Amino acid sequence: MKYWRKAFDQDKIKSSRGQIEIIKDRCKGCRFCIEFCPKHVLEESGEFNIKGYHPAYAARPEECADCGLCELICPEFAIHVTPLEGTESKEEVRHG
């Protein structure tokens with residue numbers, strides 16, 4: 001997505017980035033995380049997990065914005081997002 005303008009403090013604030021960890025054997029392939037990821041980081045895997053489902057995987061992990069939506073929406077608690085070093089976490093951004 002291209003924007004026609006930029007934030008005034010863009011050079012001062014580092015955007016948050018996260019590392020996605022998916023427990024593939026816990027995933028039931030509901031695709032909620034894939035459908036609702038704002039950055040389209042997740043995709044469905046071609047392999048099967050122990051339950052016989054196609055689990056989600058991070059196809060573009062460098063695009064993760066550490067929003068935590070995938071972690072919140074997962075009904076099986078199969079996704080965990082941890083903030084990367086050197087970036088602001090979602091809590092720091094919310095509380096200033």
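Phe32 sits in helix 1, residues 32–36. Helices here are DSSP runs of H or I with at least four residues, and strands are runs of E with at least two, numbered from the N terminus. The model is predicted: local features need pLDDT of at least 70, side-chain atom pairs count only at pLDDT 80 or more, and totals for chains, interfaces and linings use all residues. Residues are numbered from 1 along each chain as its sequence is written, and side-chain values use heavy atoms, with hydrogens and water left out.

Phe32 is partly exposed, because its relative accessible area is 38%. Buried means under 20%, exposed over 50%, and partly exposed in between (1.4 Å probe, protein chains only). Phe32, Phe36 and Leu69 make a nonpolar surface patch of about 270 Å².

## Glu62 in a loop

Glu62 lies in the loop between strand 3 (56–58) and helix 2 (69–73). Its relative accessible area is 54%, so Glu62 is exposed. Glu62 and Gly18 are 44 residues apart in sequence, yet 8.1 Å apart in space, C-alpha to C-alpha.

## Asn49, a buried loop residue

Asn49 is in the loop between strand 2 (42–44) and strand 3. Is Asn49 buried or exposed? Asn49 is buried, because its relative accessible area is 7%.

What does Asn49 contact beyond its neighbours within four places in sequence? The partners are Lys24, Asp25, Cys27 and Pro55. Contact means heavy atoms within 4.5 Å. A polar atom of the Asn49 side chain lies 2.6 Å from the backbone oxygen of Cys27.

Definitions and conventions. Patch = residues over 30% accessible without salt bridge, like charges linked within 9 Å, V, L, I, M, F, W, Y side chains within 5 Å. Areas by Shrake-Rupley, 256 points an atom, 1.4 Å probe, with all protein chains shown as cover. Salt bridge = Lys/Arg side-chain N within 4 Å of Asp/Glu carboxyl O. Polar contact = N/O pair within 3.5 Å; in protein donor to acceptor, adjacent residues only side chain to side chain.
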